[in-house]
Amino acid sequence: MAVSAPSPAIGSGTATSARVAAIDTHAHVFVRGLALAEGRRYTPGHDATLADYLAQLDAHGLTHGVLVQPSFLGTDNRYLRNALRAGRGRLRGVVVIDPACTDDELAMMADDGVVGMRLNLVGKDVPPLDAPPWRDLLARIVGLGWHVEVHLPAARLPAVMPRLLDAGCAVVVDHFGRPDPALGVADPGYGYLLRQAGTGRVWVKLSGAYRNWPHEQAAEAGAEATRLLLDAYTPARLLWGSDWPHTEHGDMAYGAAYAWLRQWIAEDETRRIILGDTAGRLFRIDG
């Protein structure tokens, strides 16, 4: 099917707020019929449209959102980019690319509102990040001021993060760092993630707790993990994401994901920093 996105007018009512109040830093948009990546782990059976996502932002008082390329669409970022253009500055994007991406293509993505590159390595080998052509791609990403978002089990973080940091990248870690569900915060990989706070170039997303722990345990386990991350990273290096539309977790709702953040962080000012100041700086959103 043709790659398209809703009209730019959709959901633009709060996009011009004079002050950034709250940013959802992790969501996906897609519709059935798009070209899907080979070897994907998941095939969506429903649509997650831009109009629906912006309606969620509006309903929960969030001013901006960040769209992350879903793994099942591979490196075909056209739908995401169309959504960014339709969002009239209310959105930023994180794309999936490979080293063959040209400078002109990267520049056009940046014009659309892309500010990061995602490495989703769940079920995949780590690419040779410290050798050409990946090393050259990372240098170009750094030159653009983009960050690199990593998604993989916590136990594998030590195989990836040093290479990214050595390349000068700012690194965003998805979904609490994906600790082993059986180990939780006792996962050595999670301990490694906590120790990376001292680099000053790592951010962690408080998102997708249900991807790490059974749904009935996710809120409580997420609270413990958040406490440790706050101690290590402070609100200046933490982000929140809804993970909408919660693929493979249909029992989750946007409002519940947002309510968990309030459960994990009771202090209004701490939440304000995470949702506004920290996210605004990293994703270049200033109102």
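## The start of helix α6

Asp187 caps the N-terminal end of α6, with one of its side-chain oxygens sitting 2.7 Å from the backbone nitrogen of Gly189. This is a predicted model, where local features need pLDDT of at least 70, side-chain atom pairs count only at pLDDT 80 or more, and totals for chains, interfaces and linings use all residues. Residues are numbered from 1 along each chain as its sequence is written, and side-chain values use heavy atoms, leaving out hydrogens and water.

Helix α6 covers residues 188-195, and its buried residues (under 20% relative accessible area, 1.4 Å probe, protein chains only) are Gly189, Tyr190, Gly191, Tyr192 and Leu193. They pack against α5 (161-166), β6 (170-173), β7 (202-206) and α7; contact here means heavy atoms within 4.5 Å.

## α6 beside α7

The axes of α6 and α7 come within 9 Å and cross at roughly 30 degrees. That makes α6 roughly parallel to α7 (angles under 35 degrees count as roughly parallel). On the α6 side, the contact uses Tyr190, Leu193 and Leu194, and on the α7 side Ala225, Leu228, Leu229, Ala232 and Tyr233. Sorted by class, that's eight nonpolar, no polar and no charged residues.

## α7 meets α8

Next up are α7 (residues 215-233) and α8 (residues 254-264), which pack at about 40 degrees with their axes 9 Å apart.

From α7, His215, Ala218, Ala219, Gly222, Ala223 and Thr226 meet Trp260, Gln263 and Trp264 of α8. This contact has five nonpolar, four polar and no charged residues.

Definitions and conventions
Axes fitted to C-alpha atoms, helices over the stretch in contact; angles between N-to-C directions. Helix = DSSP H or I, 4+ residues; strand = E, 2+ residues; numbered from the N terminus. Nonpolar A, V, L, I, M, F, W, Y, C, P; charged D, E, K, R; others polar. Buried < 20%, exposed > 50% of the residue type's maximum accessible area, 1.4 Å probe, protein only. Polar contact = N/O pair within 3.5 Å; in protein donor to acceptor, adjacent residues only side chain to side chain. Parallel < 35°, antiparallel > 145°, perpendicular 65-115°, else oblique.
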